[in-house]
Amino acid sequence: MSGETLWFNAHLATLAPDRPGLGLIEDGAVLAREGRIAFAGPRADCPPAPAARRVDCESRWITPGLIDPHTHLVFAGDRAQEFELRLAGAAYEDIARAGGGIVSTVRATRAAGERELVAAALPRLDALIAEGATTVEVKSGYGLSLADELKLLRAARALAAERSVRIRTTFLGAHALPPEFAGDPDGYIDLVCREMIPAVAAEGLADAVDAFCEGIGFTPAQTRRVFEAARAHGLPVKLHAEQLSNLRGAALAAEFGALSADHLEHLDEAGVAAMARSGTVATLLPGAFYFVRETQLPPIAALREAGVPMALATDCNPGTSPLTSLLLTMNMAATLFRLTVEECLAGVTREAARALGLLAEAGTLEPGKRCDLAIWDIGRPAELVYRMGFNPLHARVFGGETWTR
């Protein structure tokens, strides 16, 4: 990308930290140079750019491109049958212990080739892109063997070659216990730490390492081993924590300076305090809360009072959150978790970037950052949170270029 582009006659929600609230600018402009933001602010203050391509936004709103910081986008098959079982009264934990849940997706995913996985993931990715997403995190975790986990991460990386989107990959080998290790979770964690993480790091396939610290997942002691192996190979960590019970995983994640701890319905005060001290982001997943009919709310007021940053994500996965809409995610966060409009929009831009370690590159409209924009046909930013089943995206800009998908 070369040259300059000027978007003018626009309203901006910059999300910049040096402006209050959403960082609103009523008559604004964004100037991009070589794919990066050179200026974002009041149109009257914009420096001259006589050679720039000019785009009249006709009073539309511009936000940073949306960011989904927690997905399991690459998998094969579906779990609609398990959805029916849950509707009939079966518990998620019971389905998992009976051989369903994550392990059923593992069987289908192991049987699929890399190109099949890419093809299956693209419609899900396209749905996110169509609503203004410019960055999407994708986890592995449905292979649970060295070869299959590498296959998943390669498929996730390949998505960025198929679409105009930034993909961040996360290794989630400690997602569930594969059938061949039944009754031997420590043996499987040995494999994750001694073979999988070194191989993933050597090939440069992951930007972070995650784990599922839960009664139906892995213990805090096992999770600690995963984190230690990640640290030894220079990889930051994230954690599925306190979704179904309180194993104090969030405090463990904070101890390791985790980028984020995710879910957090059963987070306690000590966990909140630990996250606040470490700067670990709370990534909230209202789609999963809704889909499994959870009743225990994350401690939003405590997180807010402690100043813990809150990100939002779809948690797109086949079993507990088959959701591919960040707009609906924001509405769910507002209606179910009582987040404000400002918190919702920050959660899918600035704080989502923070949760991926990308805040220096994305998430706000500030000079020096990549020019990733979403341009909306709305009268005010609250419409992005208020509406359901309605997509007001006018255009999406990735790296200074406007794309149709």
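Contact here means heavy atoms within 4.5 Å. This is a predicted model, in which local features need pLDDT of at least 70 and side-chain atom pairs count only at pLDDT 80 or more, while totals for chains, interfaces and linings use all residues. Residues are numbered from 1 along each chain as its sequence is written, and side-chain values use heavy atoms, with hydrogens and water left out.

With residues up to four places away in sequence not counted, D210 touches K139, T170, F171, L172, V226, K238, L239 and H240. D210 belongs to strand 9, residues 208-213; strands (E, at least two residues) and helices (H or I, at least four) are DSSP runs numbered from the N terminus. The relative accessible area of D210 is 0%, so the residue is buried (buried is under 20%, exposed over 50%, partly exposed in between, with a 1.4 Å probe and protein chains only). Its side chain makes a polar contact of 2.8 Å with the side chain of K139. Such a contact is a pair of N or O atoms within 3.5 Å; within protein, one must be able to donate a hydrogen and the other to accept it, and residues adjacent in sequence count only if both atoms are side-chain atoms.

L125, leaving aside neighbours within four places in sequence, is in contact with L73, V136, L159, R163, V165 and I167.

T320 sits in the loop between strand 13 (310-312) and helix 12 (326-337). T320 is buried because its relative accessible area is 7%. Residues up to four places away in sequence aside, T320 touches Y92, G287, A288, F291, V292 and D315.

Two other loop residues concern the backbone. Most residues other than glycine have a negative phi. R293, in the loop between helix 10 (286-291) and helix 11 (300-306), has a positive phi near 60°. R338, in the loop between helix 12 and helix 13 (341-347), has a positive phi of about 65°. R293 is exposed, with a relative accessible area of 56%, and R338 counts as exposed at 59%.
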